[in-house]
Amino acid sequence: MQIPRPTDADKERFRALVEHLPEVEVKPMFGNLGAFVHGNMFAGLLGSDVGLRLQDPTSQAELAATEGTGPFGPAERPMGGYLSLPTAWDDERAEAWVRRAYDEVAALPAKEPKASKPRRLRAPRG
């Protein structure tokens, strides 16, 4: 599976779309970026594509009906529940949808961090 890589300009644009929102954490993911609120991902960057997680079926349907919107993720395995924003959109229009995704996902219960697995100690060689 080929995973597209973003340019520095793609990363900069993505950060500008999400970092001004409260309590957002941007993390690297498979050479790309994900934006999280309370441990839940609400936006992602894959190559130059920005994908959003919309919880409200009305929001999903509205964005899905917009020309230029499509599945988000690698072509072989798109991410369920995420849609990519049209690449032709300016930042102002994209920011409105990023805010909508943020608001919907921020309303979810906070995701508890996974407990780390205990390390197995190796027996000394002898």
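Which residue takes a positive phi in the hairpin of strand 3 and strand 4? That one is Gly47, with phi near 65° and two residues between the strands. Some notes on the rest follow.

1. Ground rules. This is a predicted model, where local features need pLDDT of at least 70 and side-chain atom pairs count only at pLDDT 80 or more, while totals for chains, interfaces and linings use all residues. Residues are numbered from 1 along each chain as its sequence is written, and side-chain values use heavy atoms, with hydrogens and water left out. Helices (H or I, at least four residues) and strands (E, at least two) are DSSP runs numbered from the N terminus.

2. Strand 3 and its burial. Strand 3 covers residues 40–46, and seven of its seven residues are buried, so the rest of the structure largely encloses it. Buried here means under 20% relative accessible area, with a 1.4 Å probe and protein chains only.

3. Pairing on the strand 2 side. Strand 2 (residues 32–37) runs antiparallel to strand 3, with five bridges between them; for strands to count as paired, DSSP must find at least two bridges. Phe36 has Met41 of strand 3 as its bridge partner. In this hairpin there are two residues between the strands, and His38 has a positive phi near 55°.

4. Pairing on the strand 4 side. Strand 3 is also joined to strand 4 (residues 49–53), antiparallel again, by four bridges. Leu45 sits opposite Val50 of strand 4.

5. The largest pocket. Its volume is about 340 Å³, taken as the space filled by probe spheres set on grid points joined across faces, edges and corners. Of the 15 lining residues, Ile3, Phe30, Leu46, Pro74 and Met79 are the closest to the centre. A pocket is an open set of points on a 1 Å grid over the protein atoms alone, where a 1.4 Å probe fits, with protein on both sides within 12 Å along at least five of seven lines; lining residues have an atom within 4 Å of a point.

6. Who lines it. Strand 3 gives the largest share of the lining, four residues, and strand 2 and strand 3 each supply at least two. By type, the lining has eleven nonpolar residues, three polar and one charged (nonpolar: Ala, Val, Leu, Ile, Met, Phe, Trp, Tyr, Cys and Pro; charged: Asp, Glu, Lys and Arg; polar: the others, Gly among them).

7. Thr69. This residue is in the loop between helix 2 (57–64) and strand 5 (70–71), and it counts as buried because its relative accessibility is 17%. Leaving aside neighbours within four places in sequence, Thr69 has contacts (heavy atoms within 4.5 Å) with Leu63, Ala64, Leu83, Ser84 and Pro86. A polar atom of the Thr69 side chain lies 3.2 Å from the backbone oxygen of Leu63.

Conventions. Buried means under 20% relative accessible area, exposed over 50%, partly exposed in between (1.4 Å probe, protein chains only). A polar contact is a pair of N or O atoms within 3.5 Å; within protein, one must be able to donate a hydrogen and the other to accept it, and residues adjacent in sequence count only if both atoms are side-chain atoms.
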